[in-house]
Amino acid sequence: MINTLFPCKRYSFTNDSILEDLSSNLISLIEKRKISIKLKKRQVLFYEATIPTGVYILKAGKVKKYATGLNGKEHIFYLAKENEILGYHCLLSKETYAHSTACLTDCEFDLIPKEVFLSMIENDHKMLHRLLKSISHEFGVFTNNTRILAQHSVRERTALSIIKLERFFDNNSCIKLSRKDHSSIVGTSIESLVRTLHDFKEEEAIELKESTIIVKDIEKLVRASNFI
């Protein structure tokens, strides 16, 4: 339903198609060289300013990507879930990580070593095409989200965040996320977020149960986001 009300794709990152339709040789290579990693909720997969050693396939769980400001405050700019690939941007640019990635839930990853991933790109033109398409899409999303932070109010940004989170969690309209992480996504203080969520509750657009948001009326949130 939400896709008919709101252009989610323009404001959401998607790169889960990069590893589709790989040849049997590449699949065999990944299986042979991959390193399986299990992390608990809140553990960090990699830190900002460290050197990438490969890319990660998120096999199970959900993670956040965030950058840290001079005051130590996090800005979460991306949430990823199962089957997405992480860490390839800085690997391709031969730079250190520009952000950190931490687990929102217990997670399982496959680490594909750097030399294996680069070999895959060189030998699979379809995969390279999908990678370029994904990077191009992400640039458009970053542009749109930067405009939102600069031009939209806290209320509008909060409504938009709930719309995107409802689609991300895909759990019967239930969003389970800490207020700290949610405020970091919106780009506001926890206090301002809580007040805005209370307003949406009074307007019967959502229900609140501790750290869980239950979406009751998505159309009210779309109108509040000021995107129609």
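Reply: Start with empty space. Rolling a probe the size of a water molecule over the atoms shows where empty space is left. Here the second largest pocket holds about 400 Å³. A pocket is an open set of points on a 1 Å grid over the protein atoms alone, where a 1.4 Å probe fits, with protein on both sides within 12 Å along at least five of seven lines. Points are joined across faces, edges and corners, and the volume is the space filled by probe spheres set on them. Lining residues have an atom within 4 Å of a point; there are 18, and K41, R42, L104, S178 and D181 are the closest to the pocket centre.

Me: What kind of model is this, and how are residues numbered?

Reply: It is a predicted model: local features need pLDDT of at least 70, side-chain atom pairs count only at pLDDT 80 or more, and totals for chains, interfaces and linings use all residues. Residues are numbered from 1 along each chain as its sequence is written, and side-chain values use heavy atoms, with hydrogens and water left out.

Me: Which elements supply at least two residues each to the lining of the second largest pocket?

Reply: β4 (63-68), β7 (100-103) and α7 (179-186) do. Helices (H or I, at least four residues) and strands (E, at least two) are DSSP runs, numbered from the N terminus. By class, the lining has eight charged, seven nonpolar and three polar residues. Asp, Glu, Lys and Arg count as charged; Ala, Val, Leu, Ile, Met, Phe, Trp, Tyr, Cys and Pro as nonpolar; the others, Gly among them, as polar.

Me: Is α7 largely enclosed or open, and why?

Reply: Six of its eight residues are buried, so α7 is largely enclosed by the rest of the structure. Buried means under 20% relative accessible area, exposed over 50%, partly exposed in between (1.4 Å probe, protein chains only). The buried residues of α7 are R179, D181, H182, S183, S184 and V186. Just after α7, G187 has a positive phi of about 85 degrees.

Me: How do I read the sheet with β4 and β7 in it?

Reply: Strands of a sheet pair through backbone hydrogen bonds, either parallel or antiparallel. Two strands pair if DSSP finds at least two bridges between them. Here four strands form an open, antiparallel sheet in the order β2-β7-β4-β5. β2 (44-46) and β5 (74-80) stand at the edges with a single partner strand each, so one side of each lacks a neighbour in the sheet. β4 and β5 are joined by six bridges, and Y66 stands opposite I76 in β5.

Me: Which strands pair with β8?

Reply: β1 (residues 35-39) joins β8 through five bridges, running antiparallel. β3 (residues 54-60) also pairs with β8 in the antiparallel sense, over six bridges. K38 stands opposite E108, and I57 opposite D110. Six of the seven residues of β8 (residues 107-113) are buried, so β8 is largely enclosed by the rest of the structure. E108 is partly exposed, at 36% relative accessible area.

Me: How many disulfides does the structure hold?

Reply: A disulfide is a covalent bond between the sulfur atoms of two cysteines. The cut-off is a pair of cysteine sulfur atoms within 2.5 Å. The structure holds zero. For C90, the nearest cysteine sulfur is that of C103, 18 Å away. For C103, the nearest is that of C107, at 3.7 Å. C90 is buried at 7% relative accessible area, and C103 is buried at 3%.
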